[in-house]
Amino acid sequence: MSIYGRSRVKVPASTANLGPGFDTLGMALSLYAWIEMEEAAETVFHLYGDEMTGVPRDKSNLLYKVAQMVFAEAGVTVPELSISMYSEIPLARGLGSSASAIIGALAAANAMIGSPLGSAKLFDMATAIEKHPDNVGASLFGGIITAVWDGEHADYIRIEPPQELEVLVVIPEFELETVKARGVLPAEVSVSDAVHNISRTSLLTAALAAGRLDLIGAAMQDRLHQPYRAPLVPGMEKLLAEAPGHGALGIALSGAGPTVLCMVDRRELRKQELELFLTETMRENGISARTLWLSPCTTGVTAELLERNGMQNGSFLDMIKGELQS
Ligand code: HSE
């Protein structure tokens, strides 16, 4: 009989960069993954949903490996786990699916053994795995985060998203691995491009903190990564240039792409026009894509400890169904 409880976690997706804030800015989004974890006689996975196709079901699984890092850090031994996961976050599209898996696994493993690790420790561990704090910070803390990573420790400030802010994403059907999208970036940039991005990132951070939606368009401009990544997402240059003329406050590649994200004022009257412009532009470039209206998610990962009476997969799925319907 295990001395540890069964944990259940809900973790949001995220977008990174918001244009100029490369590897620094992140925002949690109202799209989720759920994880349950408990000690078992032998390791077993229950992975549900289209987004779980092809995910390893052995000890090479990311959730399992991340959970073991938590146990090692806390000085406990839990070699065999039962792990359930359902995710509505599309894989390799720039919506932080791997970051949400890392944060979900850290939170689930930590909750299971009585939460010995604090959120600052979990943030450092997650950033050490991802190598940049933007997506993991947003999934951990919710809202908008601005963060820096010195190779060992991540510092951050969380910003409450402006209430009028809504998000429209256009998600191409093709996947783009982050490693490929990082591989096209130059090793060095000019001082003028660096100044361009420092000034826009500062303005964007301040505009979001102050609720100045009118400045978002001017601030969401980037010269560090989007120009180099544009060839990987056909149609992206036109989207970035013209979406503000169809009702977007600002537009950026979401993380490493290929999803493109618009910030929109909830009161905007041209929402349908914007949606059509995004999908039509993708279609003109031979890409089928779907749009999704999302909100900034103000809560980060949440973890609860459940009664241990064996893994109830029925109740896990019922719980998710209830959440999806709500
Ligand atoms: N900041 C990262 C990038 C996010 O743009 O490569 C993707 O993981």
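Modeller: Let me begin with a term: buried means under 20% relative accessible area, exposed means over 50%, and partly exposed lies in between, using a 1.4 Å probe and protein chains only. This is a predicted model, in which local features need pLDDT of at least 70 and side-chain atom pairs count only at pLDDT 80 or more, while totals for chains, interfaces and linings use all residues. Residues are numbered from 1 along each chain as its sequence is written, and side-chain values use heavy atoms, with hydrogens and water left out.

I would pick strand S7, residues 165-172. Strands here are DSSP runs of E with at least two residues and helices are runs of H or I with at least four, both numbered from the N terminus. Eight of the eight residues of S7 are buried. In a regular strand the side chains alternate between the two faces of the sheet. On one side of S7 are Leu165, Val167, Val169 and Ile171, and on the other Glu166, Leu168, Val170 and Pro172; all of them are buried, leaving both faces covered.

Now for the partners of S7. Two strands are said to pair if DSSP finds at least two bridges between them. S7 pairs with strand S9, residues 260-265, in the antiparallel sense over six bridges, and there Leu168 stands opposite Cys262. Strand S10, residues 289-294, also pairs with S7 in the antiparallel sense over six bridges; in that pairing Pro172 faces Ala289.

S4 runs antiparallel to S2, joined by seven bridges, with Met37 and Ile83 as bridge partners. Strand S3 (residues 44-48), by contrast, runs parallel to S4 over five bridges, and His46 is partnered by Ser84.

Ser139 belongs to helix H4, residues 134-141, and is buried with a relative accessible area of 0%. Contact means heavy atoms within 4.5 Å; leaving out residues up to four places away in sequence, Ser139 touches Val11, Pro12, Ala13, Ser14, Ser100, Ile103, Gly300 and Val301. Gly19 sits in the loop between strand S1 (6-16) and strand S2 (25-39), and Gly19 too is buried at 0%. Beyond neighbours within four places in sequence, Gly19 is in contact with Asp222, His225, Gln226 and Ala252. Gly19 and Ser254 are 235 residues apart in sequence, yet their C-alpha atoms are 7.9 Å apart.

Stepping back, the chain has 11 helices and 11 strands, and 53% of its 326 residues are buried. Among contacts with a separation of 6 or more, 76% are between residues 24 or more positions apart. The C-alpha trace spans about 60 × 40 × 35 Å along its principal axes.
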